[in-house]
Amino acid sequence: MNYHQYYPIDVVNGPGTRVTLFVSGCEHKCRGCYNKTTWRVDSGHPFTQQLEDQIIADLNDTRIKRKGLSLSGGDPLHPSNVADVLRLVKRVRAECPNKDIWLWSGYTLGELSEAQKEIVDLIDVLVDGKFEQEKRDLNLEWRGSSNQVIHYFKL
């Protein structure tokens with residue numbers, strides 16, 4: 001898996017202060033996407049064990065009260081990302097049990113493969129659906145277009 005950006009302190013992508021990872025790879029290619037540079041799976045930087053360890057360390061750093069992890073992109077549920085995202089989400093659950101996990105994906109719940117569902121079963125919130133420019137709404141919280149749905153599983 002590759003990633004484009006890692007923010008150890010983020011207050012934009014989900015509630016509270018968060019750790020946010022923008023992964024590479026998206027097959028949806030939504031018209032009007034604000035993050036087109038993340039579409040190619042080979043773009044960005046390799047996701048390493050060192051970065052995974054840093055994410056866990058940042059989530060557990062008591063100097064800053066972080067609420068959780070946000071996964072965006074690209075698409076964390078892109079088939080090329082599933083194995084690494086699943087490993088990361090399992091590790092966060094094991095080592096940071098008091099942190100929530102939010103994930104943004106262009107796939108809807110009804111479109112998910114079994115492997116993608118395994119990830120979704122471990123997260124707290126899924127924001128799903130492709131961005132649709134004609135349904136863009138700047139007044140929406142945590143999503144860009146009105147067709148996208150916020151699924152609260154564990155909050």
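Sheet. I find seven strands in an open sheet of mixed pairing, ordered β3-β1-β2-β4-β5-β6-β7. Strands (E, at least two residues) and helices (H or I, at least four) are DSSP runs numbered from the N terminus, and two strands pair if DSSP finds at least two bridges between them. The edges are β3 (45-46) and β7 (149-152); each has a single partner strand, so one side of each lacks a neighbour in the sheet.

Source. This is a predicted model, with pLDDT of at least 70 needed for local features and 80 or more for side-chain atom pairs, while totals for chains, interfaces and linings use all residues. Residues are numbered from 1 along each chain as its sequence is written, and side-chain values use heavy atoms, without hydrogens and water.

Pairing. I checked β5 (residues 100-105) against β6 (residues 125-128): they pair in the parallel sense over four bridges. Ser105 has Asp128 of β6 as its bridge partner.

Helices on the sheet. I see α2 packing on the sheet, in touch with β2, β4 and β5, and its direction makes about 170 degrees with that of β4. Contact means heavy atoms within 4.5 Å. Axes are lines fitted to C-alpha atoms, for helices over the stretch in contact, and angles run from 0 to 180 degrees between N-to-C directions. Helix α1 lies across β1 (2-10), β2 (18-23) and β4, at about 15 degrees to β1.

Ser72. I placed Ser72 in strand β4 (residues 68-73). Leaving out residues up to four places away in sequence, Ser72 touches Leu21, Phe22, Val23 and Trp104.
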